[in-house]
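Hello,

Here is the structure you are taking over. My notes on it follow below.

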Amino acid sequence: KPPRDDHDAPPWLTASEFVDEPSVLQAKCRHLAQLMRASHKTVAYTGAGISASVIGQAARSGEQKVGWKPDTRKAKPTLTHHTLGLLGQQNLIHSWVQQNHDGLPQKAGFPQERINEIHGSWYDPSNPVVKYSGSLH
């Protein structure tokens, strides 16, 4: 089955998911934790997926209509935001590059000065969200 029904995709591209056995997942988490403790510059890079359940999925329609929540400014951070926020407070994540402009990382406690909101921010006047007009220059 293609990953999305609103985009063309080659037949080989599927949206199947993989789930590790609990012991394998635990071993991977331990290894990741060890790498993060040793790192001096861990960067999280996230997209719409971590906010879609509380904000909506704008990419689905391209016009912020499909699944879009009525009052996005009242959205609360997800478990993912809180987890990354805590890792940031403990200096295990040193920077966060995010494609969302919803302010949920900050609401979850991630320090503003260590976030790069590449599509702008609803809450930072120095980084305004510029609406997509159909052509980017």
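Three strands with parallel pairing make an open sheet in the order E1-E2-E3 (strands are DSSP runs of E with at least two residues, helices runs of H or I with at least four, numbered from the N terminus; two strands pair if DSSP finds at least two bridges between them). Its edge strands, E1 (43-46) and E3 (115-117), each pair on one side only. Strand E2 (residues 95-98) runs parallel to E3 and is joined to it by 3 bridges; Trp96 has Ile115 in E3 as its bridge partner.

This is a predicted model: local features need pLDDT of at least 70 and side-chain atom pairs pLDDT 80 or more, while totals for chains, interfaces and linings use all residues. Residues are numbered from 1 along each chain as its sequence is written, and side-chain values use heavy atoms, without hydrogens and water.

The count of aromatic pairs is 1 (rings of Phe, Tyr and Trp, the last by its six-membered ring, with centres within 6.5 Å; planes under 30 degrees apart are stacked, over 60 edge-to-face, the rest tilted). Trp96 and Phe110 form this edge-to-face pair, at 5.1 Å centre to centre and 90° between the planes. Because Trp96 lies in strand E2 and Phe110 in the loop between helix H5 (104-107) and E3, the pair ties together parts 14 residues apart in sequence. Trp96 is buried, at 0% relative accessible area, and Phe110 is buried at 2% (buried is under 20%, exposed over 50%, partly exposed in between, with a 1.4 Å probe and protein chains only).

Regards
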